[in-house]
Amino acid sequence: MVELYDDERLDYLLADETMKIIQSPTAFAFSLDAVLLAHFSSIPKKRGKILDLCTGNGVIPLLLSKKTNAEIIGVEIQKRIFQMAERNVALNDLQSRLRMIHGDLKEMQSTLDQSAFDMVTCNPPYFKTPSATEHNHNAYLTIARHEVYCTLEDVVKACKRYVRPGGKVAMVHRPGRLVDIIEQFRKYRIEPKRVQFVYPKQGKEANMLLIEGIRDGKADVKILPPFYIYEQDGSYTKQAEEVIYG
């Protein structure tokens, strides 16, 4: 049995209850954006290598492991959260396929092979917030949500460094950063191919953005149908149920 520390708890990863995950309300607990990114990403099914940057407690590698036999590596800069990710791999007996690395995505050149991954996924910090007064009072949440240790450009540059030519990069972000993301993708030769906006419900503005690009790809972007989370009565839509409940 894996040991829990401080305010950590053990949750089911999805409603099917086949996998568990260690979470902490003060350090890291995954949210719907990670689940949507794992569902959205065009991952290799049988073999290959996948890299997840800003992996947190390893939620995206765990979710992807249910969809592929590929080798998956996660990178996390915060030591306590990295240790949660390591224990989550052990908790689910996935050491043969999943590996977690403690490090800075800007400084992994000596640890990771460049141009070696078929897919790179990332749920990066969303907010520029240059002023410390705009940061969350919780240091763990500040680093996870604000561009303290890495900017959007740092993230995209790292994605390009590690994805192979013709490989894919998938990211979840906020719609307000769409232009910034496309600018950075093209700067680092990642051509946007699929974009999907996520809405709380019909009639509301999108509050999440899913985007996937191909390194050295040709220009041809597809805007996918909108993804709605809730019906007007507050229940999940059928498409949301399919993702959340597996």
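Guide: What follows covers the ring pairs and then the charges over rings. The model is predicted, so local features need pLDDT of at least 70 and side-chain atom pairs count only at pLDDT 80 or more, while totals for chains, interfaces and linings use all residues. Residues are numbered from 1 along each chain as its sequence is written, and side-chain values use heavy atoms, with hydrogens and water left out.

A pair of aromatic rings is described by the distance of the centres and the angle of the planes. Rings of Phe, Tyr and Trp (its six-membered ring) pair if their centres lie within 6.5 Å; planes under 30 degrees apart count as stacked, over 60 as edge-to-face and the rest as tilted. By this rule there are four aromatic pairs. In one of them, Tyr 126 and Phe 127 are edge-to-face, because their ring centres are 6.2 Å apart and their planes stand at 90 degrees. Tyr 126 is buried at 9% relative accessible area, and Phe 127 is partly exposed at 30% (buried means under 20%, exposed over 50%, partly exposed in between, with a 1.4 Å probe and protein chains only).

Tyr 236 and Tyr 245 also form an edge-to-face pair, with centres 6.2 Å apart and planes at 75 degrees. Tyr 236 is partly exposed at 29%, as is Tyr 245 at 44%. Ring pairs link Tyr 230, Tyr 236 and Tyr 245 into a cluster.

A charge sits over a ring if NZ of Lys or CZ of Arg is within 6 Å of the ring centre and within 35 degrees of the ring normal. Lys 49 lies over the face of Phe 117, 4.8 Å from the ring centre. The charged end of Arg 194 sits over the ring of Phe 40, at 4.1 Å from its centre.
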